[in-house]
Amino acid sequence: MKILTPLEFEKSIYQIEDKIEELKNLSEETGIDLDNQIKTLVEQAQDYKEQLYSNLSPSQKLQIARHSKRPTFLDYVSMITTDWVEMHGDRAGTDDRAIMGGIAIIENQPVMLIGTQKGKTTKENLEYNFGMPQPEGYRKALRLFNHANRFNLPIITLIDTPGAYPGIKAEQTGQGIAIAVNLCEMAKLETPLITVILGEGCSGGALGLAVANRVYMLEHALYTVISPEGCASILWRSADMACIAAESLKITSDDLLRLGIIDGVIKEPLGGAHYDWEMTANNLKQQILESIKELSKMSGNEIKTDKYDKFRKMGVFVER
Amino acid sequence: MSLKDWFAKRKKKQLNVALVESKISGDDLSKLWDKCYNCNTQLPKKDLEKNMFVCPKCDYHFRIGAKTRIFQLFDEGSFQEIDCNIYPSNPLEFVDTMCYKKRQDEARTKSKLNEAVITGIGKINNWEVAAAVMDFAYMGGSMGSVVGEKVTRLIEDGIKRRIPIIAITSSGGARMQESCLSLMQMAKTSCAIARANEEGVLYITVLTEPTFGGVTASFGTLGDIIIAEQGARIGFAGRRVIEQTIRQKLPADFQTAEYLLKYGQVDMVSKRKDLKEMLERLIRIHSGALKQGANK
């Protein structure tokens, strides 16, 4: 716990834990029996933590979703799969590093895994472009979708991206078109597709991998049409209003489950995935296996119809 | 110049014109005259209208609304609107500097439209087509649940009737006030187009000034054939966002129809006056295949 840099709202917890540590040291050094006091304090700290983490505001969740120690796509791949074989490139001149994909085994089940990758260090972030894919990344993903479809491999997409990259070259090579084509082609796949939003799921950049039969979110992940900062700067004309935009946009897993946009929420350890990677990875794995089991009963046509019906229902309007 | 500055400048220009004219005479001359945003020529509104809202001097294509577009493109009296009884609601109770409900009311008054798209069945030189025509005047042509639903129903209708489907876009992107529900409209419309693809029903998109964000990244660019109207600005990310990200000035022709043609992103750039004839030609060439599909 100590190795982590605390977020602003977590500082009080760290202070309490420091105090507990001090008391323990004191009791050891002086031999005074403080066990009872320590025990009460630990219990109180636990209660406080549970209360704090179960009442997080959307902007606090946002900080957890973007935490620099939060496990990334490749971390999960190494924790939940064996025999991972990465497949590179769009076969047209580029290997975008922000979207990665490959085949692997999850407990005897062969799968195609595709995800957006963020780095933990500056060097890594430069390599992965902060998890912001170029059009070529989406085209690589499409190639892998089609590969999986040919060989009947269930596809798992794991998403953590602040959005598709906005740049000159990205516009020249058709960022919008690359995403649009993926949305349309995902609808035609006859193999099950399961999406999990791991951290940030921003805008078309996330959706470009997420027209899935089942969509799940990690508890503290977010899924939104635009980043709260972007929304604030457009609607309020000030990026400082991001907190309020985060509230208004309804970006948390609970909100999206209630709105029927996702199919379920995957539990994270108290405080967020970065406090216990293994536990998060295990929960993730269980959900993926359960969904594959459910979806593999369907025929190719049923898979397509299931997906069509799922998205066909989305939207709220008045007809009169 | 960023999109925002451009709008501000344009508004200021319009105000100035109105102000000067009101001084000259008591009449509301701004109702009769328009100024070309490109070459600043004063143009009589009647002439401009006759010229399909294209400047006769410099060929600048003015942005036009859905109703004008329908009037220009479809055989007289042939366009029958469908699904005009679908209205937006406020599922997220969204409030920014103004309540979403109030924004809807304002947009309706300003644009005289119920939502940002008109859908219907019409004829282009006697060829029956299903068409969705967007209007930037209603909340920047943004796509929320209503736009998504109307476009999807139209595509389904076009597939059922086995007639070509045409989408004419003009949109700033997904509607933020409906957040993820708007995002899902991208998926919904794209799933419907997947069906049109599989059924061999021709789908043509015409990208007009301006087409951005969620519409570019969904049904806007999924056309079997993509036409961009001359001078239209089309892209995924907005100019300002890109400038802020890369901290560079962008070339003047960046994200124009002609720029996209150069980089292989659209099939062609069309002048407004040639659009109807081009659509007819495309439909005629594909008509054999469409009929064959019907006998499948």
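Reply: Between chain B and chain A, 19 residue pairs are in polar contact, with both residues at pLDDT 80 or more. A polar contact is a pair of N or O atoms within 3.5 Å; within protein, one must be able to donate a hydrogen and the other to accept it, and residues adjacent in sequence count only if both atoms are side-chain atoms. The model is predicted, so local features need pLDDT of at least 70 and side-chain atom pairs count only at pLDDT 80 or more, whereas totals for chains, interfaces and linings use all residues. Residues are numbered from 1 along each chain as its sequence is written, chains are lettered from A and ligands numbered from 1 in the order in which they are written, and side-chain values use heavy atoms, with hydrogens and water left out.

Four salt bridges are also found across the interface of chain B and chain A (a side-chain nitrogen of Lys or Arg within 4 Å of a carboxyl oxygen of Asp or Glu). Arg312(A) forms a salt bridge with Glu149(B), and their closest N and O atoms are 3.0 Å apart.

Several elements of chain B each supply at least two residues to the side that touches chain A: strand S4 (86–88), helix H5 (145–161), helix H6 (179–199), helix H8 (239–246) and helix H9 (257–262). Helices (H or I, at least four residues) and strands (E, at least two) are DSSP runs, numbered from the N terminus. The greatest contribution comes from H6(B), with 18 residues. By type, this side of chain B comprises 32 nonpolar, 19 polar and nine charged residues. Here Ala, Val, Leu, Ile, Met, Phe, Trp, Tyr, Cys and Pro count as nonpolar, Asp, Glu, Lys and Arg as charged, and the others, Gly among them, as polar.

In all, 60 residues from chain B and 50 residues from chain A take part in the contact (heavy atoms within 4.5 Å). The two chains bury about 5000 Å² between them, and 67% of this lies on carbon and sulfur atoms. Buried area is the accessible area (1.4 Å probe) that two parts lose on being put together, summed over both. Of the area that chain B buries against chain A, Met176(B), Met184(B) and Phe236(B) supply 13%, more than any other three residues.

The chains are also joined strand to strand. Strand S9 of chain A (residues 317–319) pairs with S4(B) in the antiparallel sense over three bridges (two strands pair if DSSP finds at least two bridges between them).

Strand S4 of chain A (residues 155–161) pairs in the parallel sense with strand S3 (residues 109–116) over four bridges, Ile114(A) having Thr157(A) as its bridge partner. Seven of the seven residues of S4(A) are buried (under 20% relative accessible area, 1.4 Å probe, protein chains only). In a regular strand the side chains alternate between the two faces of the sheet. In S4(A), Ile155(A), Thr157(A), Ile159(A) and Thr161(A) point one way, while Ile156(A), Leu158(A) and Asp160(A) point the other way.

Key
Buried < 20%, exposed > 50% of the residue type's maximum accessible area, 1.4 Å probe, protein only.
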